[in-house]
There are 2 protein chains.
Amino acid sequence: MPLTDDVLSGRYRALAQAVSLVERDDPEATRLLADIYQQTGNARIIGITGSPGAGKSTLVASLTRHYRRQNKRVGIIAVDPTSPFTGGAILGDRIRMADLYTDRGVFIRSMATRGFLGGLAKATNDVVDLLDAAGFDIVLVETVGVGQDEVEVIRTVQTNVVVLVPGMGDDIQAIKAGIMEIGDIFVVNKADRPGADKTVTEVTMMMSLVEEHGDWVPPIVKTVASRNEGIEELDSAIGKHFDYLATSGELDRRNRDRVRIRIETQLKEKFMQHARSVSENWDQLLDDVLHKRNNPHDAAEAVLSATIRVP
Amino acid sequence: MPLTDDVLSGRYRALAQAVSLVERDDPEATRLLADIYQQTGNARIIGITGSPGAGKSTLVASLTRHYRRQNKRVGIIAVDPTSPFTGGAILGDRIRMADLYTDRGVFIRSMATRGFLGGLAKATNDVVDLLDAAGFDIVLVETVGVGQDEVEVIRTVQTNVVVLVPGMGDDIQAIKAGIMEIGDIFVVNKADRPGADKTVTEVTMMMSLVEEHGDWVPPIVKTVASRNEGIEELDSAIGKHFDYLATSGELDRRNRDRVRIRIETQLKEKFMQHARSVSENWDQLLDDVLHKRNNPHDAAEAVLSATIRVP
């Protein structure tokens, strides 16, 4: 179909149109995604995760300009509702990023609006595929790292950069609880502020408590994104992480995980749609459990045995 | 079975044993949970959510002592790995809570260890059922509110108390992005610290941006949990929220949601187990998608049509 060809040749308008189809979960999107899937697998998928206020968007902008100077094409997918890329921030921020919006080598898309049919994680992965197939070299996925959908998005990137700021205090404990395990690289942004070295020390200490890093010891990079400081070091750390992924076999494992998660997510979603459509008495089922005539386990078993084929 | 009777009569050891069965996803637990399900529905299920360092555990302890003075039995389920209740904090904290550990009207269980078979959210809900059926009046679920499992846990409580501390700065933005929508009551704990009123103002402002509260305007309660200050006000706010839930029909809606989420979670899990067990070529399927001989959508469709019964 012509749209497929236009997407594959990287036409900006076709890409924007294709992304809209994906967001609407349009049947045409399904066919398109199947058509372009063979052309995926070349983009580097990088997560930029951290609290609002950590300066993720400024870092994304600075990193994007860095890649553009290397003539790489960059896709930006903002899953963070407070990001300037999603219109969630003050106008000044967006004006400072005007150059990115007019650059045809940069594609920016907000996925912050809730309620995607089929799920935010699926839609985000599908848009990554579109950008990948359209020849974008780098896809940056900006996320706040909180919430069920966001966590699922983070699980499917290749390299995850966790952005911190000095003076987080107790906050660092929160990171320990959830985000520490998923950081491949840590950035202490706004490193010109007091306490930057203290934050580096804290992250180093926290890291010593996490055992799951394997052979890769996540580096800690200090940046001042608003002044483009530390961006080359970050690029270099990302490059080294990719080399590690490629040589250790970890890239295959992550890509395989990514495929598995995507299939399972879609499979569960499709199964639930099917289960709901064939169980005319879905409401009755809920009522029975609600009024203790049945229990959740037996209700689930009943739906399962009514829907699956026993070999 | 004798264990069922012992749990229903609220015997402490039987309850501890039953919880262990649930955690191991033992087949006996499934039968037990089905047996006791009819006796559930009387406990108030209250979530206590917030960053580590916010003083959630001290608040839980203080609230528990308050309920004990009213002769109510209290279950505490700690999903937060940094909570003193899970052994994640300094010894001093645990010593300060020694009275709770020796009180047979209080049942404390940590669910912080990862890797529950069947999922953390399912296990937590099952333990809530056990405590509920055993006659506990209140079940407090302490969670850090970050991560996929935790979010699923929060979605199944009746009243969610979000705990903040003064001086959070940018942090409050993070809350906006994820936790603001799920707070029924906000607590500004450590309210003797500078900036407590500023935090109250910030939360009030953030709240005005969220539209989903319906007829309930979440109150903001100032507490100093370590000195038991504000606990009666919090109890009163929780009581008012329950009255609101009951009179508005929202309680039915939440209980129904809870039942739906529990059935769907179990159904998806069971279906995936089934799909994996009947698809001998699951690895082949992943390989095919990984090497672009297939795509995630068509792979999911193939598994679906091989497993479901078409009516």
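1. Strand 1 (residues 44-49) and strand 5 (residues 159-164) of chain A run parallel and are joined by four bridges. If you want one pair to click on, take A:Ile48, whose bridge partner in strand 5 of chain A is A:Val161. Keep in mind that this is a predicted model.

2. On its other pairing, strand 1 of chain A goes with strand 4 of chain A, again in the parallel sense, over six bridges. A:Ile48 turns up here too: its bridge partner in strand 4 of chain A is A:Glu142.

3. Now zoom out to the whole sheet. Seven strands of chain A make an open sheet with parallel pairing, in the order 3-2-4-1-5-6-7. Strand 3 (106-110) and strand 7 (220-222) of chain A sit at the edges, each pairing on one side only. From one strand to the next, the twist averages 20°. Helix 11 of chain A packs on this sheet and touches strand 1, strand 5, strand 6 (185-188) and strand 7 of chain A. The direction of helix 11 makes about 170° with that of strand 6 of chain A.

4. Strand 4 (residues 138-143) of chain A deserves a look of its own. Six of its six residues are buried, so the strand is largely enclosed by the rest of the structure. Both faces are covered. On one side you have A:Ile138, A:Leu140 and A:Glu142, and on the other A:Val139, A:Val141 and A:Thr143, all of them buried. Note that A:Glu142, the partner of A:Ile48, is on that buried list.

5. Next to it comes strand 2 (residues 74-78) of chain A, parallel to strand 4 of chain A and joined to it by five bridges.

6. The contact brings A:Ser62, A:Leu63 and A:His66 of helix 4 up against A:Ile231, A:Leu234 and A:Asp235 of helix 11. By type, the residues of this contact divide into three nonpolar, two polar and one charged.

7. For chain A as a whole, I'd jot down a few totals. The secondary structure comes to 14 helices and seven strands. Of the 311 residues in chain A, 47% are buried. Among contacts with a separation of 6 or more in chain A, 75% are between residues 24 or more positions apart.

8. One spot in chain B to check: B:Val7, in helix 1 (residues 2-8) of chain B. Leaving aside neighbours within four places in sequence, its contacts are B:Ala14, B:Leu15, B:Ala18, B:Ile36, B:Leu130, B:Ala133 and B:Ala134. As a distance check, the C-alpha atoms of B:Val7 and B:Val22 are separated by 13 Å, with the two residues 15 apart along the chain.

Terms used
Residues are numbered from 1 along each chain as its sequence is written. Chains are lettered from A and ligands numbered from 1 in the order in which they are written. This is a predicted model: local features need pLDDT of at least 70, side-chain atom pairs count only at pLDDT 80 or more; totals for chains, interfaces and linings use all residues. Helices (H or I, at least four residues) and strands (E, at least two) are DSSP runs, numbered from the N terminus. A residue is buried if 20 or more other C-beta atoms lie within 10 Å of its own, exposed if 12 or fewer, and partly exposed in between; C-beta atoms are placed from the backbone. Two residues are in contact if their C-beta atoms, placed from the backbone, lie within 7 Å. Ala, Val, Leu, Ile, Met, Phe, Trp, Tyr, Cys and Pro count as nonpolar, Asp, Glu, Lys and Arg as charged, and the others, Gly among them, as polar. Two strands pair if DSSP finds at least two bridges between them. Axes are lines fitted to C-alpha atoms, for helices over the stretch in contact, and angles run from 0 to 180 degrees between N-to-C directions.
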